[in-house]
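Open the model in your viewer and keep the selection panel at hand. The tour goes stop by stop.

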Amino acid sequence: MKLSALLGHATATDEVVTGFAIDNRKVAPGTIFGAFQGATVNGEDYIPAAVAAGAIAVVARPQALVEGALHIGSDNPRATFADLAARFFAPFPATCVAPTGTNGKTSTVELTRQLWYLVGERAASVGTLGITTADGSLKDGTGGLTTPDVVSFLANVAGLAREGITHLAFEASSHGLAQYRTQGLPVAAAAFTNLTRDHLDYHGTMEAYFQAKLRLFTEVLADNGAAVVWRDDQAEGADYNRRICEAVTARGLRLLTVGPDGETLRLVKRTPTLLGQTLAVEADGKSHSITLPLIGAYQAANALCAAGLVMTTGGDTAKTLAALSRVTGVRGRLERAVITASGAPVYVDYAHTPDALRAAIAALRPHTANRLILAFGAGGDRDTGKRPEMGAIAVAEADVAIVTDDNPRGEDPAAIRAMILTAAPGAREIGDRRAAITAAVRMAGPGDVVLIAGKGHEQGQIVAGRTLPFDDVSVAREAAQ
Ligand SMILES: CC(=O)N[C@H]1[C@@H](OP(=O)(O)OP(=O)(O)OC[C@H]2O[C@@H](n3ccc(=O)[nH]c3=O)[C@H](O)[C@@H]2O)O[C@H](CO)[C@@H](O)[C@@H]1O[C@H](C)C(=O)N[C@@H](C)C(=O)N[C@H](CCC(=O)O)C(=O)O
Ligand SMILES: Nc1ncnc2c1ncn2[C@@H]1O[C@H](COP(=O)(O)OP(=O)(O)OP(=O)(O)O)[C@@H](O)[C@H]1O
Ligand SMILES: N[C@H](CCC[C@H](N)C(=O)O)C(=O)O
Ligand SMILES: [Mg+2]
């Protein structure tokens, strides 16, 4: 594609555009470079290096200095760059949907993908787990991010379309929304699960965090799009869900509400069973009984959000709800790793926020005859305020709480544990995660349940800039030997 065709107007030198880059080290001849002010450095400092490497145009603020390449000036360079990149990489899958929320995005995209698969669509998902393709296999391309950087995202989504994917569910993280990482991809439906404490290191305040999420509904969602909003008016942060509904209604878009206080899919009753739960749901004045093979209220919530996304993009209500009985568990979300010799099940879960920890413990409580033994930690170089909150929840809700390490990154692991322990009197401290998991598994007796929280599907422990191989599920299995 020629530069003039991409921009829609004549340019002094009309070169062929070969690609897009936001990092000067990825620029090749013919690239359009996006220079953005970041959280750690200013991308504008790399413009000369990008031009030297062959960039033919640079998207940057109007006041930025660009010499030797076309300067595409914009007050919102991230958005302008993404719109151009989307024009370059298109076409995309015909139906793209995106959930956001503090917790539940990965589960919702995966369940949405599965529901589409079960009714015969070629569907994929993009998020924390990576790129999950039509047959359920995983491929890389996200760079370890939940919402990949804009170039990787648009290039990969276009690649999925070329492979015949017609339906895509992707996770819209608050960082991704704030940085316009998905801009340019038309979104047919967006979902909102919940908003509770997380990422305040980046957003500063809960209101700023909410505003980043809100953008999915006010700006990213297409003009003829629809929103699915979880409604449990008694839940923590329920006011945010209400505000999302108001914003969607103000835009005149279709709104589907799901949950105990939802109107589209009203969750009337939830009954835990041995390996899952039965959901009594009212839709269009009809009662449906859904046998969901996943445990926990939180998984029911994500399943209904997923069903809403499928229904609002053309899925038949009865068929979609029926398909919920055939979904399988999401990797690292209340995943049963092993049953110990004494008969205690050991679950691995990705709870790394206060609300998630509470939800994961609550999910297991009905399945626990005796003690609920919890091993958990909190990540380094992330919101520090959530640490004591998680500690308080652990000692209040679990019978045995073991505080251990979870990706200390650049921080002193002992200092992270100390912050958790300030609000967790009675909790035990075992820094080494393998030792903590082993202790939890070995102390479990008949009727006990073990919950290992925080890392879910992760395959490494990030310590001082290095990622050491680590998998909670395998370690739990070894401990149970
Ligand atoms: C805080 C954050 O979101 N950082 C991400 C973001 O950085 P940034 O825009 O602030 O960039 P920066 O590092 O200050 O650099 C500014 C610009 O200069 C460019 N640059 C920089 C250095 C250089 O030598 N040359 C160069 O061109 C960079 O590419 C960038 O465009 O853009 C970078 C490039 O895509 C990402 O790698 C980086 O992710 C870091 C590694 C990260 O840890 N991000 C996490 C916190 C994150 O994004 N998490 C969310 C939410 C997770 C969830 O809750 O699910 C996610 O979606 O994964
Ligand atoms: N709807 C929900 N309500 C409360 N807690 C939830 C909900 N869904 C998931 N959780 C908790 O959050 C954890 C992470 O879930 P999931 O991976 O689906 O969320 P996410 O939003 O993608 O998280 P991340 O932002 O880290 O990618 C789960 O393991 C569970 O403990
Ligand atoms: N997307 C989240 C994942 C956190 C996972 C947890 N194991 C941790 O390292 O804190 C983040 O980057 O904040
Ligand atoms: Mg996720």
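Which residues of H3 meet which residues of H5? Select both helices to find out. This is a predicted model. On the H3 side, pick Ala82, Ala85, Ala86 and Phe89. On the H5 side, pick Val150, Val151, Leu154, Ala155 and Ala158. Colour this contact by class: nine residues are nonpolar, none is polar and none is charged.

Now show the two helices whole. H3 covers residues 77-89 and H5 covers residues 150-162. Their axes lie 10 Å apart, at an angle of about 25°. An angle under 35 degrees counts as roughly parallel, so H3 is roughly parallel to H5. The crossing of these two helices, H3 and H5, is right-handed.

**Next stop: H4 and H10**

Select residues 105-118 for helix H4 and residues 297-312 for helix H10. Here the axes come within 8 Å and cross at roughly 50°. H4 and H10 are therefore oblique to each other. H4 passes H10 in a right-handed crossing. From H4, highlight Ser107, Thr108, Leu111, Thr112, Leu115 and Trp116. By class, the contact of H4 with H10 has nine nonpolar residues, five polar ones and no charged ones.

**Zoom out: the domains**

Colour the chain by domain. Domain 1 is 3-77, domain 2 is 90-326 and domain 3 is 335-480. Check the distance between the C-alpha centres of domain 1 and domain 2: they lie 33 Å apart.

**Ligand 1**

Why does ligand 1 lie between domain 1 and domain 2? Both domains give residues to the shell around ligand 1, so the ligand sits between them. Select that shell: 21 residues surround ligand 1. The closest are Gly38, Gly43, Thr146, Asp149 and Ser173. Split by class, the shell of ligand 1 has seven nonpolar, 11 polar and three charged residues.

**Last stop: ligand 3**

Move on to ligand 3. Which residues are around ligand 3? Select Thr146, His352, Gly379, Arg382, Asp406, Asn407, Gly454, Lys455 and Glu458. Colour the shell of ligand 3 by class: no residue is nonpolar, five are polar and four are charged.

Conventions:
Residues are numbered from 1 along each chain as its sequence is written. Chains are lettered from A and ligands numbered from 1 in the order in which they are written. This is a predicted model: local features need pLDDT of at least 70, side-chain atom pairs count only at pLDDT 80 or more; totals for chains, interfaces and linings use all residues. A residue is near a molecule or strand if its C-beta atom, placed from the backbone, lies within 6 Å of it. Ala, Val, Leu, Ile, Met, Phe, Trp, Tyr, Cys and Pro count as nonpolar, Asp, Glu, Lys and Arg as charged, and the others, Gly among them, as polar. Domain bounds come from an automatic or database domain assignment. Axes are lines fitted to C-alpha atoms, for helices over the stretch in contact, and angles run from 0 to 180 degrees between N-to-C directions. Helices (H or I, at least four residues) and strands (E, at least two) are DSSP runs, numbered from the N terminus. Angles under 35 degrees count as roughly parallel, over 145 as roughly antiparallel, 65 to 115 as roughly perpendicular and the rest as oblique. A crossing is left-handed if the near helix is turned anticlockwise from the far one by less than a right angle, and right-handed if clockwise. Two residues are in contact if their C-beta atoms, placed from the backbone, lie within 7 Å.
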